Amino acid sequence: DGCGHTVLGPESGTLASINYPQTSPNSTVCEWEIRVKPGQRVQLKFGDFDIDDSDSCHSSYLRVHNGIGPTRTEIGKYCGFGFQMDGLITSKSNEITVQFMSGTHTSGRGFLAAYSTTDKSDLITCLDNASHFSEPEFNKYCPAGCVIGFADISGTIPHGYRDSSSLCMAGVHAGVVSNALGGQINVVISKGIPYYEGSLANNVTSKVGPLSTSLFTFKTSGCYGTLGMESGVIPDSHITASSILEWSDQTGQVNIWKPENARLKRVGPPWAAFISDEHQWLQIDLNKEKRITGIITTGSTLAEYYYYVSAYRILYSDDAQKWTAYREPGMDKDKIFQGNTELYQEVRNNFIPPIIARFFRINPLKWHQKIALKVELLGCQFSLGRAPKITMPPPPQNKNDDKNDDCSDDFIHSVKTSLQTDKTTFTPEIKNTTVTPSVTKDVALAAVLVPVLVMVFTTLILILVCAWHWRNRKKKTEGTYDLPSWDRAGWWKGMKQFLPNKSAEHEETPVRYSSSEISHLRPREVPTMLQTESAEYAQPLVGGMVGTLHQRSTFKPEEGKEASYADLDPYNSPIQEVYHAYAEPLPITGPEYATPIIMDMSSHPSTPLGVPSISTFKAAGNQAPPLVGTYNKLLSRTDSTSSAQALYDTPKGQPGPGAADELVYQVPQSVAHSTGSKDE
């Protein structure tokens, strides 16, 4: 009466004392007899050991024996609180006996141990988790029986499991190993995630978990793809059932829950049986043999119809006539799969080893209210003829056809019956062996040459494109109408008026000349001196103006007139009616006109004493300032035909001179010089 959790598989298993991990009761005893295949030996590993040693292992202990029965011999007797067992306990034969005795005690959890054959050198127990190992990737062997109620896991596939989860229990949940058989796991450690989902799979419930520093996943064969129920690859005609629920609702509408409705995640009602008994089934024709590794089911997914299947068994066939019920290896009873516990949740069950068949049936055994479900199958393609072609020699020519057929049938039967071992999964390498060595070499050579040729041609194309662009650019720089190198800076400044203003608050520095500087200038040099500072207007493109007007002049002759200004005197020439086109005004945010030119002409020889210098400025009010001086000839080329000329032209888009109140700048008063201006 001292036996606790116990699963004894053909190659591995798990055993624990009663009430583990709580304190074991007093005066209890349990004895386990473990037997593996002849020629093999048994190894025992403890995951936890906590037995009272107050009486020096007299009444409470764990004893291990070689063999079974009266001829057995003792290997060791163990007790102690928190006893750490170094290494493994190994038998001398294929049989071993484990005996647990619990006397009078007040504390002690008892023990939990795992066993396997000695060829499993990397055996671990059901209590080991990822945090016990420092390697980023490792292989371990999980014993059978690791679905235990006192161990927790968090997470699911493909996102991963929390590092605190039991490795072997998570392996069962993921469908990597079987709880009845155990098996090898390949674990990969990676960075943790903030949230771990929970799900029900293979009779293991994964709980929701919080953030962790690391997580682990499993490397698998990859044969877990969907086989076409949800996607519609399997046609409706290939989905049949024993019966169909058909009924009319309160409005008189007829509802038919047909077999083709049994597609996972399909909106609408599911398939439902007309009669709810253990003889109902849903059948799926996969069109050809497939490797089926799992199944996912849900209930009706309709809140008003709380129907679902809670337990079922699986049958499969090659011809839809002779059916075989799925059983775990070494078992003499059909396996009963746990189904749904409510109508929405997806529940997954895996087949270890996988099923190889064309026809697949689900036989519900337990349900809630009515038999109703949606389903998807997991697996991959399977070809029975690929592997035998490599290993089987050609049949002898002197044999009759009947014997050849018998050999072929025997081989096919041996392949199908080998599904009961762990070596039934065909690796991708076997599929690749159908390629001959010569083809393999050609493929490898092509895999090397193709990228090299692509790189070479790409490089040549880039060189040609660059050379073509360089040649065009060179032609543009050597064009006939290109500006000389000494004038490119001035041309760029002239083009600035067509570009956005750099700064709305930009203020230009006024240009001032002292009387001493102007006194040393000849009359013809005055306009040139006034243009030494760069203008904000475009450079004139008329070559005839270069002689008199500086390269930065803002004046442009009227189009169509070829008049040259080289011989004209800007002081002595008569006033001519010439219209000068100005460049576009500066943006509203900047100054409306160019910066006023202020000249101190007090010391000029030709200026009468006491006459102030000429200046243009913005008046504070509507009163226009008087214009005094004799140098108004400098402004003789303004846009005017009368004696009273405005010093500045009216900007485009602004009202005429008549609307004086709306002008940003006052129009200066001109000096009466109708006759005198020509005499000067």
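A residue counts as buried when its relative accessible area is under 20%. Keep that cut-off in mind as you look at this predicted model, because it explains why helix α1 is called mostly covered: eight of its eight residues are buried.

**The big picture**
- Take the contacts between residues with a separation of 6 or more: 74% of them involve residues 24 or more positions apart.
- The accessible surface is about 38,500 Å², and carbon and sulfur atoms account for 55% of that.

**Helix α1**
- You'll find α1 at residues 167-174.
- Its buried residues are L167, C168, M169, A170, G171, V172, H173 and A174.
- In an α-helix there are 3.6 residues a turn, so residues three or four places apart point the same way.
- Just after α1 comes G175, with a positive phi of about 85°.

**Glycine 294**
- G294 sits in strand β22, which covers residues 282-298.
- Is G294 buried or exposed? It counts as buried, because its relative accessibility is 0% and the cut-off is under 20%.
- Leaving out residues up to four places away in sequence, G294 touches N349, N350, F351, E376, L377 and L378.
- P354 is 60 residues from G294 in sequence, yet the C-alpha atoms of G294 and P354 are 7.8 Å apart in space.

Conventions. Residues are numbered from 1 along each chain as its sequence is written. This is a predicted model: local features need pLDDT of at least 70, side-chain atom pairs count only at pLDDT 80 or more; totals for chains, interfaces and linings use all residues. Side-chain values use heavy atoms; hydrogens and water are left out. Contact means heavy atoms within 4.5 Å. Accessible areas come from the Shrake-Rupley method with a 1.4 Å probe; for residues, only the protein chains shown count as cover. Helices (H or I, at least four residues) and strands (E, at least two) are DSSP runs, numbered from the N terminus. Buried means under 20% relative accessible area, exposed over 50%, partly exposed in between (1.4 Å probe, protein chains only).
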